[in-house]
Each structure stands twice: as structure tokens, then as C-alpha cells.
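Please study the sequence and the model before reading each solution.

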Amino acid sequence: SHFVGVDIAALPGDVRDGVVQIRSSLNSAVDRLARDLYESDAHFLQELVQNADDNSYHGDVVPSLRLVLCSGADMADYFYTVNNEVGFAEADVRALCDIS
């Protein structure tokens with residue numbers, strides 16, 4: 001039912017709190033997408049560079065970022081990025097899941 005049309009006041013407290021949090025996050029995501037989606041053709045590249053800049057790196061590492069676009073007659077085109085950050089912690093994964 002995705003809780004559409006459901007009186008969430010009748011739900012158990014922990015479920016109700018989760019539904020409220022998800023609704024808030026989704027509302028924020030829709031607002032952000034509405035503002036940012038067509039901001040510029042290169043916006044996603046700016047985001048990738050900004051994300052790399054925000055990453056954590058070991059003290060003895062010179063931060064690097066590679067943006068790779070691959071294409072060929074015998075394979076589908078694809079794009080990927082590589083950097084030498086420390087890596088994700090649990091808090092990072094949670095932040096990625098919460099667009100707000």
C-alpha cells in the first residue's frame with residue numbers, strides 16, 4: 001500500500017516515525033530534483049568532482065580523481081569514476097540513502 005491513504009496515526013509508533021521520516025526525505029528529494037535537475041548539462045560532473053573533494057583521504061595520499069568514458073564498436077558505451085579515498089563508513093551509506 002506504500003502507506004498512501006493510510007491514517008498513519010493508527011500505526012505503531014516506530015512504523016509511524018519511519019513513515020514520517022521517509023515522507024520528509026522524499027519531499028526534500030522531489031524539491032531538490034525540481035530545482036537542480038536541469039541546472040546545467042555538466043551538473044553531474046560538477047557533483048562528481050565536489051564529492052571527490054569532500055571525501056576523506058589518508059594523510060600520506062595525494063588525492064586523485066579519474067573520469068573515464070569508454071566506447072567501442074564491440075561494447076556499449078559507459079562512464080565511470082575512480083578516486084583514492086579512504087572509503088565509505090556506515091554514516092556515508094546512510095547519507096547517500098537520504099537525499100534530503
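**Exercise 1.** In which helix does Glu90 lie?

*Solution.* This is a predicted model, in which local features need pLDDT of at least 70 and side-chain atom pairs count only at pLDDT 80 or more, while totals for chains, interfaces and linings use all residues. Residues are numbered from 1 along each chain as its sequence is written, and side-chain values use heavy atoms, with hydrogens and water left out. Glu90 lies in helix H3. Helices (H or I, at least four residues) and strands (E, at least two) are DSSP runs, numbered from the N terminus. The relative accessible area of Glu90 is 56%, which makes this residue exposed. Here buried means under 20% relative accessible area, exposed over 50%, and partly exposed in between (1.4 Å probe, protein chains only).

**Exercise 2.** Determine which residue forms a salt bridge with Glu90.

*Solution.* A salt bridge requires a side-chain nitrogen of Lys or Arg within 4 Å of a carboxyl oxygen of Asp or Glu. Arg94 meets this rule with Glu90, their closest N and O atoms being 3.0 Å apart. Both residues belong to helix H3 (residues 90-97); because they are four residues apart, about one helical turn separates them. In general, an α-helix has 3.6 residues a turn, so residues three or four places apart point the same way. Arg94 is exposed, as is Glu90.

**Exercise 3.** How many salt bridges are there by this rule, and which helices does the pair Glu47 and Arg32 tie together?

*Solution.* The count is two salt bridges. One of them joins Glu47 to Arg32, with 3.7 Å between the closest N and O atoms. Since Glu47 lies in helix H2 and Arg32 in helix H1, the pair ties together parts that are 15 residues apart in sequence. Glu47 is partly exposed, at a relative accessible area of 28%. Arg32 is partly exposed as well, at 34%.

**Exercise 4.** Which residues form the nonpolar patch on the surface?

*Solution.* Patches are made of residues with over 30% relative accessible area and no salt bridge, like charges being joined within 9 Å and nonpolar side chains (Val, Leu, Ile, Met, Phe, Trp, Tyr) within 5 Å. The nonpolar patch consists of Phe44, Leu45, Val49, Leu65, Leu67, Leu69 and Phe79, with about 620 Å² of accessible area together. Such areas come from the Shrake-Rupley method with a 1.4 Å probe; for residues, only the protein chains shown count as cover. Helix H2 (43-54) and strand E1 (65-72) each supply at least two residues of the patch. Leu45 is found in helix H2 and is partly exposed, at 30% relative accessibility.

**Exercise 5.** Describe the overall form of the protein.

*Solution.* The secondary structure comprises three helices and two strands. From the N terminus on, the elements run α-α-β-β-α. The radius of gyration is 19 Å, well over the 13 Å that the globule rule gives for 100 residues, so the protein is more spread out than a compact globule. This radius is taken over C-alpha atoms, and the globule rule is 2.2 Å times the number of residues to the power 0.38. Along its principal axes, the C-alpha trace spans about 55 × 40 × 30 Å. Of the 100 residues, 10% count as buried.
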